[in-house]
Structures are given as structure tokens and as C-alpha cells.
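Here is a short tour of a chain and the place where a partner chain meets it. Have a look at the model before reading on.

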Amino acid sequence: MSSTTENHTARHNGIRTVGEPAIVRWLLTAVAMAFLALFLALPLAAVFSQAFEKGWQTYLAALKEPDTLAAVKLTLLTAAVAVPFNLAFGVVASWAIAKFSFPGKNLLITLIDLPFSVSPVISGLIYVLIFGRQGWLGPWLEAHDLKIIFAVPGIILATVFVTFPFIARELIPLMESQGKDEEEAAIVLGASGLQTFFRVTLPNIRWGIIYGVILCNARAMGEFGAVSVVSGHIRGMTNTVPLQVEILYNEYNYTAAFAVASLLALLALVTLVVKSVAEWNVRRQMKSQERG
Amino acid sequence: MGPMRVMKILKCTKSVLPGFGPTMGYTLLYLSLVVLIPLSALLLKAAGLSWGEFLGAVAAPRVLASYRVTFGAALAAAGINAVFGVLVAWVLVRYPFPGKRLVDALVDLPFALPTAVAGITLATVYSANGWVGRHLEPHGIKVAFTPLGIVVAMTFIGLPFVVRTVQPVIEELDAEIEEAAACLGASRWQTFRRVLFPLLAPSVLTGFALAFARGVGEYGSIIFIAGNMPMVSEITPLIIITKLEQYDYAGATAVATVMLVASFVMLLVINMLQKWSRRYAE
């Protein structure tokens with residue numbers, strides 16, 4: 001095989017003609033893969049290996065524990081409230097930010113991202129300071145027999161806080177890249193605002209929404225630090241799945257802890273698959289828009 | 001606000017598209033209720049403390065030791081990620097190999113895997129009889145239940161930040177630059193060091209800062225592997241939790257305020273870095 005044809009195919013595949021010698025390429029690839037295997041693949045495999053160490057029977061028995069089932073229910077409930085709230089916010093905020101220009105836009109985007117830079121422990125603490133017994137609203141809540149901290153509402157609030165930016169930060173750049181020509185055309189042709197949104201904007205951003213929702217959901221179901229602060233760890237009452245994992249682990253009940261953890265690891269794998277598909281679709285859409 | 005400014009804002013917002021008022025109103029309301037008011041509750045509570053109370057809480061020897069552990073380990077982990085993250089990003093963009101898309105998706109695992117799960121599995125893998133730990137133990141290297149374990153956990157959670165910040169920049173690199181360097185007689189290593197690395201540097205620094213910031217605030221994945229020995233392997237977020245459990249709300253608030261201010265400073269630095277790398281890209 002002559003080198004010219006080799007170069008030609010290389011260019012065709014988008015591989016550069018200037019590059020490292022093959023041995024360097026293999027070496028670098030091997031080191032990178034070894035690093036990823038050590039830090040990512042091995043821990044992931046360990047979750048399932050530990051979970052099934054004592055066989056299927058023990059695995060299923062651990063999942064059927066009433067406390068574990070209660071934790072699963074609470075986690076599903078938390079995500080079912082937190083995700084729609086943040087989805088509505090994400091869509092509304094990205095419409096205001098991406099389709100209009102106004103002063104202070106960058107500041108607003110930074111503020112929306114704020115929960116990402118706050119430690120999860122602080123995210124829980126702030127709600128304790130407001131709704132806790134010694135908090136601002138504590139005496140009032142107690143007088144009316146309402147409980148937020150060490151109860152389900154506190155868990156939901158803390159989860160809403162930590163998952164707050166996920167959907168908005170995905171939709172804002174996507175909607176900005178799409179511009180507003182299509183929407184303006186729809187309005188000029190007589191469509192109402194809502195019609196324009198549902199018929200024109202929504203189909204354009206649907207993969208972005210899926211991407212944001214799946215990441216938001218993963219964090220909502222998996223949040224540990226913030227929820228740990230506001231939960232009170234009442235078994236079967238205010239324990240989410242990650243907190244249940246912690247309790248079982250601290251009781252040296254490793255097989256059960258990893259069995260429950262394997263549910264969360266499965267959730268993570270599903271999240272990665274859906275995320276990859278959504279990402280691929282968003283990229284394709286952006287490219288076709290650049291061309292069109 | 002002068003009338004010119006008002007005119008300017010009106011002109012800015014004038015658009016055929018409807019709904020700016022209600023959507024902006026809802027955005028600001030929800031943002032205030034969920035994020036801004038609760039966060040200011042922390043700052044207000046801290047402002048209510050006397051200087052003595054505040055300093056007594058944030059400068060106690062055990063708390064000072066926790067800053068050293070937390071920031072030191074986060075720095076080390078971000079450094080490891082800066083090196084290996086760039087390598088992983090480079091390999092993913094430039095070299096073809098089987099299973100590449102799978103590996104690419106796996107890089108985001110630390111984003112998707114709940115921190116408690118990461119914590120217990122890392123603690124198990126690196127403990128004395130774990131898959132990795134049992135090969136390190138004979139050499140006298142203890143990872144689990146030492147500060148080294150904290151570095152491992154922070155490396156795990158920080159990895160995607162560097163890879164995902166650097167990867168798109170490598171994708172956008174213009175082949176002509178490298179070809180030109182090669183034509184002018186530069187070796188491959190010279191090209192990387194003198195030509196490519198300066199182009200990548202802003203994104204590497206941004207990724208480093210993001211990984212560092214994430215490591216400093218991290219709690220779930222660390223407490224299982226850290227051993228949580230006061231003065232040795234106790235991280236600052238755990239100090240806050242401990243104070244809360246002892247109903248020391250003032251102390252928890254004071255330490256949390258220090259951490260919050262630190263994260264705001266890092267956020268500012270990251271924003272500046274991102275602006276810098278964007279200017280570099282253009």
C-alpha cells in the first residue's frame with residue numbers, strides 16, 4: 001500500500017496527516033484507558049460484584065426490605081416533584097433569557113448557576129436556618145403544627161435547590177443558538193404566543209429538554225449531602241435511597257448496602273445512555289441549523 | 001436610572017415575540033424563592049454573630065486543619081485531573097480505537113453516579129482487602145481512611161470537569177497550525193508544548209478550577225473513604241454537619257459562610273477564566 005493512498009484515506013476519515021508515531025499513540029491510549037479503568041470502570045464493577053456476592057436470593061431479599069421500599073417510594077416522590085418544578089422554570093427562564101436582550105443577562109445566568117457552586121451540605125443548611133426549630137419561620141411552623149425540616153417537604157426543597165440549574169443551563173444556550181427567526185415568523189403570521197411556543201419552539205428544543213430532565217432526575221434521585229442535612233434519618237419515613245445506602249453501610253450490612261446502591265448505579269447507567277442519545281441529537285440539530 | 005437608560009432598556013426589550021414580562025417575572029420570583037432568599041438567610045444569620053463568636057468558630061484548630069485537608073486534597077485531585085483529563089480528552093478526540101463511544105459516555109459516570117454510591121464503592125475498592133487496596137497495602141500505601149482516600153474520591157468526582165472542558169477545544173484545533181509547525185521543522189513534542197499547549201491552557205485551567213471547586217464542596221463520596229479523623233482526615237463540610245448535629249447553629253453558619261465566600265471567589269475566577277478562553281478561541 002503506497003503512502004499516498006494511506007494519506008488519502010486518513011484525510012477522508014477526518015484523521016490528521018500530522019500526528020504522533022503509532023507507538024506513542026498506543027502508549028497514550030493505553031495510559032488513558034488504564035486511568036479510566038482504575039478510577040471509573042473498577043468502582044462501577046465493584047458495586048455489582050459486592051451486591052451479588054451472596055447470590056440472587058440475598059440480593060432480592062435486601063431490596064424487599066420494607067425500609068428500602070419506603071426509601072425507593074420517597075426518592076421517586078421527591079424526583080416527581082422536584083423535576084417538574086425545575087423543568088417549568090428551565091423552559092420559562094430560557095424563553096426570557098434566550099429570546100430577548102436585556103441588561104444584566106450574564107449576571108442572571110450566573111445566579112441561576114449558583115446552586116452548582118454551593119456545597120451540598122450548605123444547600124441543606126440554608127433550609128434548616130429558615131424552617132428549622134431555631135430558624136426564622138421555626139416558631140410559626142411549630143405553632144401551626146407544620147413540619148418541613150426532618151420531614152418530606154424539607155427533602156423536596158433541598159432537592160429542588162441542588163437540581164435547580166440543570167434544565168435551564170441546558171436550554172439557554174440551545175435556544176440562543178437557534179435564534180428567534182422562526183418564532184418571529186410564526187407571530188407575524190398570526191400565531192398566538194402559546195401556539196408559537198408549542199408548535200415552533202418546543203419541537204426544536206425537545207432533545208435539550210430530555211437531556212436536562214435526565215440529568216436533573218439523576219441528581220434528584222441521587223442527592224446525598226443536602227438531603228442528609230434536612231432529613232433527620234427517620235427509617236422508613238424520611239430516608240431516601242442514598243441515605244438508606246449510608247445506614248446499611250454504617251451497620252456493616254455491606255451486601256444489602258451494595259444491593260440498594262446497585263439500583264442507583266443502574267439509574268446512572270440508564271442516565272448515561274439517554275444522555276448520550278440526547279446529546280447526539282442536539283449536536284445533529286445544531287449542525288443542521290448551521291448549514292440551513 | 002436616567003431617562004436615557006430607560007429608553008435603552010425599552011429599546012432592548014422591544015421585540016415582536018410576546019411573553020417577556022411574565023416569563024422574566026416568574027424567573028426572578030422562582031430564583032429568589034428557591035436560591036437567593038435561602039442563601040441570604042445564611043449570610044444574614046452570619047451577620048448576626050459577634051466577631052468573637054465568628055472567629056472562635058472559623059479559626060478553631062480543628063476547623064483550620066479541615067481547611068488544610070479539604071483545600072489541599074482538592075488541589076491535588078484537580079492537579080491529577082488536569083494531567084490525566086487532558087490525556088483522556090486528547091485520546092478521545094484524536095485516536096481511533098474500538099469502544100470509543102462507550103468510553104466517551106463513561107467519562108460522565110461521576111456526574112450520574114450518586115455520591116453515596118461512589119463513596120462506599122471507592123472505600124471498598126481501596127480498603128486493605130479491596131481490589132486495588134490489597135495491591136497497595138504490601139507496599140505500605142494506605143488509601144482508604146487516610147487523606148489519600150480523600151484525594152482519590154475528589155479525583156473521581158472531578159474528572160469529567162477537565163475532560164469536558166478541554167475536549168471541545170481539542171476538537172476545534174485547526175489542523176493547519178500543526179501542519180505549519182511540522183513544515184517549519186518542529187518535532188511533534190515541540191509542536192505540542194509550544195503551539196498546542198498554549199492554545200489549550202485556558203480550558204485546562206478552567207477545568208482545573210471547576211474540578212477544584214467541586215472537590216472543595218464535596219461531601220457524599222468522601223466521608224466513607226476519609227476515615228474522618230479530626231485534625232487528619234476531616235473535611236470542612238463534615239465539620240458543618242457535626243456542628244449541626246450538636247445544635248451549634250451559630251458555629252455551623254460561621255464555617256458555612258467561609259466556605260460559601262470561598263465558592264463565590266472560585267466562581268468569579270472560573271467566570272474570568274471562561275471569558276479568557278473564549279477570547280482565546282476567537
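What percentage of the 292 residues in chain A are buried? In this predicted model, buried residues make up 45% of chain A.

Let us begin with the overall build of chain A. Chain A holds 14 helices and zero strands. Its radius of gyration is 24 Å, well over the 19 Å from the globule rule for 292 residues, so chain A is more spread out than a compact globule. The C-alpha trace spans about 75 × 60 × 30 Å along the principal axes of chain A. Of the contacts in chain A with a separation of 6 or more, 75% join residues 24 or more positions apart.

Now to the meeting of the two chains.

One helix pair across the contact is worth a visit. The axes of helix α4 (residues 66–99) of chain A and helix α2 (residues 20–47) of chain B come within 8 Å and cross at roughly 125°; α4(A) and α2(B) are therefore oblique to each other. The crossing is left-handed. From α4(A), F89(A), V92(A), A93(A), W95(A) and A96(A) meet residues of α2(B), including F20(B), M24(B) and Y30(B). By class, the contact of these two helices has nine nonpolar, two polar and no charged residues.

Methods: Residues are numbered from 1 along each chain as its sequence is written. Chains are lettered from A and ligands numbered from 1 in the order in which they are written. This is a predicted model: local features need pLDDT of at least 70, side-chain atom pairs count only at pLDDT 80 or more; totals for chains, interfaces and linings use all residues. Axes are lines fitted to C-alpha atoms, for helices over the stretch in contact, and angles run from 0 to 180 degrees between N-to-C directions. Helices (H or I, at least four residues) and strands (E, at least two) are DSSP runs, numbered from the N terminus. Angles under 35 degrees count as roughly parallel, over 145 as roughly antiparallel, 65 to 115 as roughly perpendicular and the rest as oblique. A crossing is left-handed if the near helix is turned anticlockwise from the far one by less than a right angle, and right-handed if clockwise. Two residues are in contact if their C-beta atoms, placed from the backbone, lie within 7 Å. Ala, Val, Leu, Ile, Met, Phe, Trp, Tyr, Cys and Pro count as nonpolar, Asp, Glu, Lys and Arg as charged, and the others, Gly among them, as polar. The radius of gyration is taken over C-alpha atoms; the globule rule is 2.2 Å times the number of residues to the power 0.38. A residue is buried if 20 or more other C-beta atoms lie within 10 Å of its own, exposed if 12 or fewer, and partly exposed in between; C-beta atoms are placed from the backbone.
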